[in-house]
Structure formats: structure tokens, C-alpha cells
Amino acid sequence: AYALSGLEAPLFALFLIIFVNLIHSEKWFKAGVVVALATMTRPEGIVLSAPLFLALMVKNDIGFKQKMTFLFNAMVGALLLVLPWTVWRINYYGYLIPNAMAAKRGMDTVFQLQQGVAYFTEHWIKVNAPLFWGIIILFLINIKTWRIGIGLFSIIFIYSVVYILIG
């Protein structure tokens, strides 16, 4: 399976797990740092900012001003690592786009989508389907885990769309 490929995938998966745990623990600054680390590991790590924002916006026990403070803390955590890294990357490579994405520029869009769908279906069967059912079982066992389940489900859904689009 792709998840055990020995490249950056296991590290990226670790960052996803840590990220969900930090969101559940409401450690926003650290969650921002993990978004940065995930982005530095794989370019699509930036997609983690969407579940972070969603987790903050659905919190009912705090006001808008507090939500913005938490969001600011998460952004500072992420930017502390991403900004110097991006400056270095531009200085070293000469452009902003990561090599993995630059290699796909100019590719036929239909072909890229076909490759994305093929990769997604194989990946879903081997990795995401068991994880998805694990989330459902967790939710059914303990209703208090709904926030973790929603967080993991949203990450799986968002990354599924991203992988289809980038091929």
C-alpha cells in the first residue's frame, strides 16, 4: 500500500494524527506549527488549514473575538516555520512552486484527473476505507469522540479531493 511506501508518507500521516489530537485538545498554536511541518513535508499539507479553521468556527462555547485570537495563534505558529522555509526555498530553487507541483505543470488536465481518480480509488480501498469505518465505529462507541471523528473525516474528504485534482 502507498501508506507504507517508506518515503514521506508515514511522517505526513504522523503529522495528521498529531494535528487532529492538537485540534481536539484546543492547542491552536501547536496545531499551526504542525500545519507548517506537514506543509514542509508535502506541499498539500497546507490543506490542513481548512479543518483547523472549521474546528475553530464550529466551537459554540466561545465568542467571535476569542475564535479570531485562536486563529491568529495558529497562524503565528505556522508562519514561524513556513516563512523562513519559503524564503530559503525561493533563494535556493529560484521559484515558489515546489518541485512536485512544478513537474505536473503543462500536463493535460483530463489525463491528470484520470490519474487522480485511478490513484484515489486504489488508495481509498487500501487506506481510507478502513480508516473511515474506524471513525464511524469510534463515533458509535463513544459519542464524545464526534469532534475527532468529524476532524478525521474532513481531512480524509479534503485530501481525497486534492489527490484526485493533482493526480
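This is a predicted model: local features need pLDDT of at least 70, side-chain atom pairs count only at pLDDT 80 or more; totals for chains, interfaces and linings use all residues.
View 1. A78 lies in helix α4, which spans residues 64–93. A38 and A78 stand 40 residues apart along the sequence, while the C-alpha to C-alpha separation in space is 10.0 Å.

**View 2. The helices of the protein chain.** The protein chain has seven helices and zero strands, and reading from the N terminus on, its elements run α-α-α-α-α-α-α. Two of these helices are α1, covering residues 9–24, and α2, covering residues 28–41, while α3 covers residues 49–57.

View 3. Two packed helices are described by the angle between their axes and the distance between the axes. For α2 and α3, the axes come within 10 Å and cross at roughly 165°. Because an angle over 145 degrees counts as roughly antiparallel, α2 is roughly antiparallel to α3. The crossing in which α2 passes α3 is left-handed. Helix α3 also packs with α4, here at an angle of about 160° and with the axes 10 Å apart. That angle makes α3 roughly antiparallel to α4 as well, but the crossing in which α3 passes α4 is right-handed.

**View 4. The salt bridge between R42 and E44.** A search of the whole structure finds one salt bridge, and the side chains that meet in it are those of R42 and E44, with a distance of 2.7 Å from N to O. R42 is buried, with a relative accessible area of 17%, and E44 is likewise buried, with a relative accessible area of 7%. Both residues are therefore below the cut-off of 20% under which a residue is called buried.

**View 5. From helix α1 to helix α2, with E26 in the loop.** E26 is found in the loop between α1 and α2, and its phi is near 60°, a positive value in a residue other than glycine. With a relative accessible area of 31%, E26 is partly exposed, because its value falls between the 20% limit for buried residues and the 50% limit for exposed ones. N21, whose place is in helix α1, is also partly exposed, with a relative accessible area of 45%. N21 and A31 are 10 residues apart in sequence, and from C-alpha to C-alpha they are 8.7 Å apart in space.

**View 6. A nonpolar patch on the surface.** The residues W88, I90, Y92, Y93, Y95, L96, I97 and M101 form a nonpolar patch on the surface, and together they have about 800 Å² of accessible area. Helix α4 supplies the largest share of this patch, namely four residues. Among the members of the patch is W88, which has its place in helix α4 and is partly exposed, with a relative accessible area of 45%.

Methods:
Residues are numbered from 1 along each chain as its sequence is written. Side-chain values use heavy atoms; hydrogens and water are left out. Patches are made of residues with over 30% relative accessible area and no salt bridge: like charges are joined within 9 Å, nonpolar side chains (Val, Leu, Ile, Met, Phe, Trp, Tyr) within 5 Å. Accessible areas come from the Shrake-Rupley method with a 1.4 Å probe; for residues, only the protein chains shown count as cover. A salt bridge is a side-chain nitrogen of Lys or Arg within 4 Å of a carboxyl oxygen of Asp or Glu. Helices (H or I, at least four residues) and strands (E, at least two) are DSSP runs, numbered from the N terminus. Buried means under 20% relative accessible area, exposed over 50%, partly exposed in between (1.4 Å probe, protein chains only). Axes are lines fitted to C-alpha atoms, for helices over the stretch in contact, and angles run from 0 to 180 degrees between N-to-C directions. Angles under 35 degrees count as roughly parallel, over 145 as roughly antiparallel, 65 to 115 as roughly perpendicular and the rest as oblique. A crossing is left-handed if the near helix is turned anticlockwise from the far one by less than a right angle, and right-handed if clockwise.
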